[in-house]
Amino acid sequence: MTTIRTRFAPSPTGNVHIGNMRVALYNWLYARHNRGQFLMRMEDTDRERSTPAAVQTVLDALEWLGLTPDEPPVYQSQRRTAHLEAAAQLLEAGQAYKQDKGDTGKGEAIVFRMPGTDITFTDQVKGALHKAAQDMQDFVIVRSDGSPVFHLANVVDDIFMNVTHVIRGDDHTENTFRHIALYQALNAPVPVFAHLPMIVNAQGKPYSKRDGDAFVGDFRTNGYLPAALLNYLALLGWSPGDDREVLTPDELIAAFSLERVQSSAAQFDQRKFEWVNGEHLRQLPQSMHREQYIQAIPQAGNNPAYLDAVIAAMEDRVKKWSDIPVMAGFFFTEDYPCDEKAVNKRLRKPGALDLLAALHTAFAKCTPFTEESTEATLRDLADARGVKPADLIHPTRIAVSGLPFGPSLFKMLAVLGRDRVTQRIERTLNTIKPQEDSNAPQ
RNA sequence: GUCCCCAUCGUCUAGAGGCCUAGGACAUCGGGUUUUCAUCCCGAAAACAGGGGUUCGAGUCCCCUUGGGGACGCCA
């Protein structure tokens, strides 16, 4: 029984698209599930685009996601001699011939001769595929400038790397017939093929440059978890067969099989991905959360006990790391931004400031200053004034955090402490008032 | 134009002829959590593209139509 070997063979173009990463993921999952090897080959023969930086981007993306190859990457640009030797071999065997372009006369290309028979293979996701001989033409394998063409290089390198399973994008399905002919002409065993459907954008169209946020690097900078991206990407075109939706990388490996891969295109749903990310986030240990808070807000490291209280208060509100500075920044600075819309809605409203001022007075006498006592104080005041608790809760939240949403208000207040709370209410009272006077003709 | 592939709720999917009056998840809507919500819980609405077959029986098999996608490079 031979060891299963899969490979990820991207052409580095500067950005790594989620579609490519899913191809890498499925190759990785298949190899891991079957205790085989996952390999990597840079198809970097396009010198225009394949810059060192572009190559590094691919490597970085794989590393971030934890899709580590089992052997050092093969660089296709360094395999040119082997490609040309294979072409020479085909030429000699009469399975390829030279052809002049005609017009230029600047050298001859080498053209592969298709066998002239129908070709059939069983795709692991699409099933039996067949192509009539008449629908396949001979094709160039070495250009007249002497450079090998993709088809040749791809097949020769897969043979060289002993790849047993070629798992790649749907767009290569048609190429497979030619590739099989090449394997046979080179007397090499034909690998197993599996072609994955595409990932399309919100409009149901293939991703284009216009669709922006589909690059792996963006997910990283926006504070998403690699395990969550892996999880969500795996679910795009595959399912474990039971009702599980949130799976760790190990669980994905255990459950993965090509038989369960869907054969139709899938659409990336940003909101579901957010949810998956949140699920993974809340399973992370406290230490990880601390680390991220400190990274996002350096002052957060000053008081460990306070930080833990903040993290507890924020609980499930944080869905991605980049939420931290915007949702929890006010815990650590007096210089937090204020949501103007919310200020208009809740503070520039008849009676709101009076109520807030009364609450300020009540809070000043509220001892101790806890989740329970602040709640009781606020409710008593609402009762006494004949207003709904919400009429006090909203203005207070905005005064104290600048945000129209967040964790439970009373939890927030207790964490912040009386001094900060009363100061912030006071400051809000002072800054809103004058504006209201000038706008008060009615 | 030629060849190939695909088609279940808005989205991702379960479904390998009777277990389907089609299940789950995200999103949506409604209710609850004697406070907001971008939390949590409960509930609701929501799909087999259309038409022919095959069969006692079809979401599941076959054909056609329609719609989508891909490939037809001396790009990868």
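Q: Why is His151 called buried?
A: A residue is buried when its relative accessible area is under 20%, exposed when it is over 50%, and partly exposed in between, as tested with a 1.4 Å probe on protein chains only. His151 has a relative accessible area of 10%, so it counts as buried. The model is a predicted one, in which local features need pLDDT of at least 70 and side-chain atom pairs need pLDDT 80 or more, while totals for chains, interfaces and linings use all residues. Residues are numbered from 1 along each chain as its sequence is written, chains are lettered from A and ligands numbered from 1 in the order in which they are written, and side-chain values use heavy atoms, with hydrogens and water left out.

Q: What makes the link between the side chains of His151 and His179 a polar contact?
A: A polar contact is a pair of N or O atoms within 3.5 Å; within protein, one atom must be able to donate a hydrogen and the other to accept it, and residues adjacent in sequence count only if both atoms are side-chain atoms. The side chains of His151 and His179 are joined at 2.9 Å, and the term therefore applies.

Q: Which residues does His151 touch, leaving out those up to four places away in sequence?
A: Contact means that heavy atoms lie within 4.5 Å. On that basis His151 touches Phe139, Asn175, Arg178, His179 and Leu182.

Q: What makes the element that holds His151 a helix?
A: His151 belongs to H4. Helices are DSSP runs of H or I with at least four residues, strands are runs of E with at least two, and both are numbered from the N terminus.

Q: Why is Asn187 described as exposed?
A: The relative accessible area of Asn187 is 69%, so Asn187 falls in the exposed class. Asn187 is placed in the loop between H5 and strand S10 (192-196), and its phi is positive, about 55°, although Asn187 is not a glycine.

Q: Why does Gly402 count as buried?
A: Gly402 has 0% relative accessibility, so it is placed in the buried class. Gly402 is found in the loop between helix H16 (389-401) and helix H17 (409-416). Beyond its neighbours within four places in sequence, Gly402 is in contact with Tyr336, Pro337, Cys338, Asp339 and Arg397.

Q: How do you know that Met136 is buried?
A: Met136 has a relative accessible area of 11%, so it is classed as buried. Met136 is in the loop between strand S7 (127-131) and S8. Among the residues that Met136 touches are Met114, Lys131 and Phe177.

Q: Which kinds of element are found in chain A, and how many of each?
A: Chain A has 18 helices and 12 strands.

Q: Why is chain A described as more spread out than a compact globule?
A: The radius of gyration is taken over C-alpha atoms, and the globule rule is 2.2 Å times the number of residues to the power 0.38. For 442 residues the rule gives 22 Å, whereas chain A has 31 Å, well over that value, so chain A is more spread out than a compact globule. The C-alpha atoms fill a box of roughly 100 × 50 × 40 Å along the principal axes.

Q: What share of the residues of chain A count as buried?
A: Of the 442 residues, 48% count as buried.
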